[in-house]
Amino acid sequence: MTDWPRLRADLDLVEGYHSPQLDVTVRLNTNESPYPPPPGWWDEVHAALASVPFHRYPDRGAGALRDAIAGLHGVRAEQVFPANGSNEVLQSLLLAYGGPGRTALSFEPTYALHSHIAQLTGTAVAEEEREQDFTLDRQRAVGAVKRWQPAITFLCSPNNPTGRVEPPEVVHALLEAGCGLLVVDEAYGQFSGWSALDVVADDVPLVVTRTYSKTWAMAGVRLGYAVGPERIMAGLDRVALPYHLDVVKQVAGRVALGYHAEMEARVGALVAERERLAAQLALLPVETWPSGANFILFRPRPRKGAEVWQALVERSILVRNCANWPRLEGCLRVTVGTPEEDDAFLAALKEILA
Ligand SMILES: *Cc1c(COP(=O)(O)O)cnc(C)c1O
């Protein structure tokens, strides 16, 4: 009998990431951009790749990419850390500043990967509650910090999956309370008004994470980054694998930033479409919450969320099924798509709820 290697005991209870990749006509489940990047972007990437020495390792420090991101945000290159998607940024933050004997604090419901990756890195997780309407009470948040003394505190703004934007007062209150390293996940930052990037400085323990996956329409590239104090970013370089960013990605990410106006136009169109979708949902028997992102959380009435999800799949429309997530009983989350995709979703939902 083979004595099979056993999984780390502390991973036994950790569930994987579940978002089914089904073959459907209308995909509104993972908050990707419904539009591809501009054609000019690919032409430029293609041209730049022609002179790349593929037999050589890429620039380990991803200097040109860091410079471009720093330029975009008006910070220094030393205040930027790029990685393979913002999920790898989060993992690096937890490896460097979390780990065994330390606690990461999150306010639920929020992006599941914050606590998930924390567990993978042996970081203890403290989950505190949001209010019924998914806002975060400042006093309660400060109380949680005092109670848990976290090494890392996570915020997500706009919050996935609720769509709520975290006001600046909450960020300041948490920093003043001594919340450890404050990580504000702004995967959807460009869809909303204010950004915690305004607060980033070398003497503030605050890191903002961003991704190319949503607003930059580049989920397939797997690129994200952190902006924060130079000394914190230096710590992230300590846990990154050598040459973790391949040469194609470095070029693709740098070139994309030259298409900032196109990105903003796309984001503007999606925000307008989000408002149209929200107005249409308001006419149906569903509960919704205000969103500052490119998705809307909703709870169908009276039919069960899980049944509605299945009925949508049968009509070749895929949304995110949050129906059995704690605190989100019966909820579904729909990504803002093209007007045609959203109309198909609305028509199907109307029919299902009739
Ligand atoms: C989509 C998403 C990410 C994922 O980012 P990648 O860059 O694709 O790894 C990070 N945080 C939140 C809140 C997200 O919704």
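Tutor: Helix α3 (residues 85-97) packs against α7 at an angle of about 95 degrees, and their axes are 9 Å apart. That makes α3 roughly perpendicular to α7, a label for angles of 65 to 115 degrees; under 35 is roughly parallel, over 145 roughly antiparallel, and the rest oblique. Axes are lines fitted to C-alpha atoms, for helices over the stretch in contact, and angles run from 0 to 180 degrees between N-to-C directions. This is a predicted model: local features need pLDDT of at least 70, side-chain atom pairs count only at pLDDT 80 or more, and totals for chains, interfaces and linings use all residues. Residues are numbered from 1 along each chain as its sequence is written, and side-chain values use heavy atoms, with hydrogens and water left out.

Student: Which residues in α3 and α7 meet?

Tutor: From α3, S92, L93, L95, A96 and Y97. They meet R231, I232, G235, L236 and V239 in α7. Contact means heavy atoms within 4.5 Å. Helices (H or I, at least four residues) and strands (E, at least two) are DSSP runs, numbered from the N terminus.

Student: What else does α7 lie across?

Tutor: Strands β2, β6, β7 and β8. The helix α7 runs at about 30 degrees to β2.

Student: OK, the sheet. What is the strand order?

Tutor: β2-β8-β7-β6-β5-β3-β4, an open sheet of 7 strands with mixed pairing. β2 and β4 (124-129) are the edges; each has a single partner strand, so one side of each has no neighbour in the sheet. Two strands pair if DSSP finds at least two bridges between them.

Student: How many bridges join β3 and β4?

Tutor: 6 bridges, in the parallel sense. E108 stands opposite E129 in β4. The chain goes from β3 through α4 to β4, and this β-α-β crossover is right-handed. Right-handed means that, with the strands pointing away from the viewer, the path from the first strand over the helix to the second runs clockwise.

Student: And β6 with β7, parallel or antiparallel?

Tutor: Parallel, with 4 bridges between β6 (residues 181-185) and β7 (residues 206-211). D185 stands opposite T209 in β7.

Student: Back to α4. What does H114 touch?

Tutor: H114 lies in α4 (residues 112-120). Leaving out residues up to four places away in sequence, H114 touches L90, L94, F154, L155, C156 and D185. H114 counts as buried because its relative accessibility is 1%. Buried means under 20% relative accessible area, exposed over 50%, partly exposed in between (1.4 Å probe, protein chains only).

Student: Which residues are buried in α2?

Tutor: In α2 (residues 63-73), L65, R66, I69 and A70. Down the axis of α2, they fall within an arc of 135 degrees, so they line one face of the helix. The arc is that of the directions from the helix axis to the C-beta atoms. Their cover includes β2 (80-83), β8 (224-227), α7 (230-239) and α8 (247-256).

Student: Now the backbone. Where are the cis peptide bonds?

Tutor: One joins S157 and P158, with omega about -10 degrees. Another joins N160 and P161, with omega about 15 degrees. P158 lies in the loop between β5 and α6 (168-176), and P161 is found in the loop between β5 and α6.

Student: What is the phi of N31?

Tutor: Near 60 degrees, a positive value in a residue other than glycine. N31 sits in the loop between β1 (26-28) and α1 (39-49). N31 counts as buried, at 1% relative accessibility.
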